[in-house]
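Reader: Before we look at anything in particular, could you take me through a structure feature by feature, giving the general idea each time and then the case at hand?

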Amino acid sequence: MTTIVTDNCKGCRFTDCVTVCPVACFHYDDDMLYIDPDTCIDCSACIPECPVQAIFEGDDIPEDKEHWIEINAERAAELPVCEEQMDPLPGAEERKAELGF
Amino acid sequence: MSRPGTEDNPLLVAIVGSGPSGFYAAEALLKSDINVKVDILERLPSPYGLVRTGVAPDHQKLKQAIKLYEKIASEDGFNLIANVNVGVDVTIEQLKASHHAIIITCGAETDRKLNIPGEDLPGSYTATEFVGWYNGHPDYRDREFDLSGDTAVIIGQGNVAADVARILSKTVDELKNTDIAQHALDVLAESRIREIHVIGRRGPAQAKFTPKELREFGELADCAPVVATEDLHLNAESERELEEKTNIGNKKVYDLFSEFAHSPVDDDKSRRCLFRFLMGPVELVGDGHLEKIILEKNSLSGEPFRQSARGTGETLEIEAGILFRSIGYRGVPIVGVPFHDDWGTIPNEAGRVTEDGKVVPQLYTAGWIKRGPSGIIGTNRACSVETVGCLLDDLDKLDSTESKGGAEQLYAILADKQVRPVSYQDWQKIDAAEIANGEKIDKPREKFTRRSEMLELLD
C-alpha cells in the first residue's frame with residue numbers, strides 16, 4: 001500500500017492534511033505536498049481532509065496518476081517536512097473552484 | 001512566583017492518559033518556545049493507549065505511529081509515570097497542586113448500551129471487551145468468549161465493528177504472525193463461527209466503515225463477503241448523498257458493497273460475513289445464554305445527510321449465540337473533573353474544561369474524551385494542538401503563588417501509597433522483552449497481558 005499526493009495539490013497546497021497526519025510524513029516545495037512512503041503508515045486520515053481530493057491510497061490510485069508514486073518518494077526524500085498547517089498558495093481558492101470543488 | 005515557562009519556573013503539565021492524544025499534546029508542548037516539563041500519567045504499565053490495545057493486530061503498519069511517540073518520549077522535558085490510576089492513586093486536587101496545568105486525554109473507555117431487554121445475557125458482549133481481549137489488554141485478559149456456535153452478530157458499522165468482524169473471519173494462519181495475544185489466538189483457532197452478521201441501523205450509503213477497512217473483506221483467505229442485491233436500493237435522499245462530490249468516502253464504501261453483492265459467493269470459502277442494513281436489535285432472547293436476536297426493520301427519514309432510522313414495526317430474528325455491540329463509545333468520569341453524562345465527554349471550549357459554562361482553571365482536555373469518539377489516530381493530533389494552543393494562551397492565568405513540585409511531588413504521594421510508578425526507561429525494558437518473546441514465535445511481539453508480569457521484569 002502507498003498513499004500519495006497528486007496534481008490537484010499543485011497551486012493549492014491547502015495543508016489541511018498535515019494537521020491530521022499522525023506521523024508528520026508530508027514534505028513540501030513551492031508548488032505542493034508530497035508523502036514520504038517510508039514514514040507514512042497508510043492510516044488514510046488525510047484523504048477526506050483534502051479540499052481538492054488530491055490524495056489517493058493503494059488500490060484507489062487512478063492509473064493515470066500512478067507515476068505520482070515515484071514522484072512522491074523522490075521529492076519527499078529531498079524536501080523539508082511540513083509539520084504545521086501553512087497558508088494556502090495565492091490563488092488556491094480560484095484553483096479549487098476551477099477543479100470543481 | 002512569575003508566569004510559568006521560564007528557565008527558573010518551567011511550565012509543569014500533567015497529561016492523564018498516554019494514548020495518541022496524550023502524546024500529541026506532549027509533542028505540541030515540547031515544540032513550543034517556552035520551558036516546559038511534561039509528565040504523562042498512565043493507568044497501565046504500558047503506554048500508547050488504543051494504538052497498542054485498540055488498533056487490530058493485523059494492522060501492524062498503523063501501529064508504527066508508535067515510532068513517532070518514541071521520538072517524542074526521547075525529548076528533554078518528557079517523563080512517563082505509568083501504572084498510576086488518576087482519581088484513585090493520585091487525585092485531581094493533588095495534580096492541581098503539583099502541576100500548573102492538567103490535560104485529560106483518557107479517551108472513551110466504555111461502550112454505549114443498546115438499552116434493550118436481554119442485553120446483559122451471557123453471550124452479549126461489548127466490542128471493547130473483545131478488542132481488549134485479543135489485543136492483550138490486562139483488564140480483559142480473563143474474559144471468556146464462547147465461539148462454539150456457528151453464528152455471530154455484530155451491531156454497528158464503524159471501523160471497530162469491522163475489526164471485530166475481520167478477526168472472527170480470519171483463519172489462524174492469517175493472524176498467527178501478528179501481535180495478537182496468544183490466549184486469543186488459541187481460542188480463535190477453535191472457533192466454529194461460520195456466519196458473521198454485521199448490522200447497521202441505516203443503509204449502505206450511511207455505513208461508517210472507511211473504504212480501506214471494507215475492502216479487506218474481499219481479500220480474506222477463507223471468508224466471503226455477502227451483500228443482498230435488494231439492500232443496494234437507495235431512497236432519493238441517499239442517492240443525493242452519494243452524488244455529493246465531497247462524500248467520496250461513502251460513495252466508495254457503497255461501490256464496494258455493490259461489488260460484493262454482484263460477485264458470486266466463493267463456495268470454496270467456509271465462512272461468510274454478511275453486511276445487513278436498515279435494522280436494529282429490539283430484544284436479546286435466551287434461557288441463561290443468548291440464543292436469538294430480535295431485530296426491527298428500519299426506514300430512513302429526513303434531509304440528505306441528516307437521515308435518521310425509524311422502526312417500521314416489522315421484525316425478524318437471527319439465531320446466534322454471541323453478539324458484540326459497537327454502536328459508539330463514552331468516556332468514564334474522573335473524580336474532580338466535570339463530566340457531561342449524556343455525551344460521555346468532558347464539557348469544554350476548544351479544550352478548556354468548563355463547568356456550567358464557566359472555564360475551570362488549570363484543567364484542559366483533548367482527544368475522544370474532549371470531542372467524542374470520532375476520527376482516527378491522526379485526527380487527535382489537530383485536536384491536541386488546539387488544546388495546547390489554549391493552554392499556552394493562558395500562561396498568565398496559570399501563574400501561582402504556591403511552588404509546584406511537579407513529578408517529584410507525585411512520586412512522594414505514590415511512595416506513601418506503595419504504588420510503583422513505571423518510567424519510560426522501565427517501559428523500554430518491558431518493550432524489549434515483549435519483542436524478544438515474539439521473535440521466538442515469528443510475531444512482531446508477544447505482549448505481557450498481566451500487570452504483574454510487566455512489573456516483575458523491573459525489580
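Author: Let us start with one residue, Gly286(B), which is placed in the loop between strand 11 and strand 12 of chain B; helices (H or I, at least four residues) and strands (E, at least two) are DSSP runs, numbered from the N terminus. This is a predicted model, in which local features need pLDDT of at least 70 and side-chain atom pairs count only at pLDDT 80 or more, while totals for chains, interfaces and linings use all residues. Residues are numbered from 1 along each chain as its sequence is written, and chains are lettered from A and ligands numbered from 1 in the order in which they are written.

Reader: Is Gly286(B) buried, exposed or partly exposed, and what does it touch?

Author: A residue is buried if 20 or more other C-beta atoms, placed from the backbone, lie within 10 Å of its own, exposed if 12 or fewer, and partly exposed in between. Gly286(B) has 16 other C-beta atoms within 10 Å and is therefore partly exposed. Two residues are in contact if their C-beta atoms, placed from the backbone, lie within 7 Å; not counting residues up to four places away in sequence, Gly286(B) touches Gly118(B), Leu121(B), Gly123(B) and Glu291(B). The C-alpha atoms of Gly286(B) and Pro122(B) are separated by 9.0 Å, although the two residues are 164 residues apart along the chain.

Reader: What order do the strands take in the open sheet of seven strands, and which are its edge strands?

Author: In a regular strand the side chains alternate between the two faces of the sheet. Here the order is 3-2-1-4-18-17-16 (chain B), with mixed pairing, and the edge strands, each pairing on one side only, are strand 3 (78-82) and strand 16 (348-349) of chain B. Strand 16 of chain B pairs in the antiparallel sense with strand 17 (residues 352-355) of chain B over two bridges, with Asn348(B) partnered by Val353(B); in the turn of their hairpin, which has two residues between the strands, Ala350(B) has a positive phi of about 55 degrees. Strand 17 of chain B is in turn joined by three bridges to strand 18 (residues 358-365) of chain B, again antiparallel, and Thr354(B) stands opposite Val359(B). That hairpin has two residues between the strands as well, and Asp356(B) takes a positive phi near 50 degrees.

Reader: How does the pairing run in the open sheet of six strands?

Author: The pairing is parallel, in the order 6-14-7-8-10-9 (chain B), and the edge strands are strand 6 (124-126) and strand 9 (223-226) of chain B. Axes are lines fitted to C-alpha atoms, for helices over the stretch in contact, and angles run from 0 to 180 degrees between N-to-C directions; direction ignored, neighbouring strands of this sheet are turned by 20 degrees against each other on average. Within this sheet, five bridges join strand 8 (residues 195-199) to strand 10 (residues 271-276) of chain B, where Val198(B) stands opposite Phe275(B). Helix 6 (residues 127-134) of chain B lies across strand 6 and strand 14 (322-325) of chain B, at about 70 degrees to strand 6.

Reader: At what angle do helix 1 and helix 4 of chain B pack?

Author: Angles under 35 degrees count as roughly parallel, over 145 as roughly antiparallel, 65 to 115 as roughly perpendicular and the rest as oblique. Helix 1 (residues 20-31) and helix 4 (residues 65-73) of chain B pack at about 40 degrees, with their axes 10 Å apart, and are therefore oblique to each other. The contact is made by Pro20(B), Phe23(B), Ala26(B), Glu27(B) and Leu30(B) of helix 1 and by Ala65(B), Tyr69(B) and Ile72(B) of helix 4.

Definitions and conventions
Pairing = 2+ DSSP bridges.
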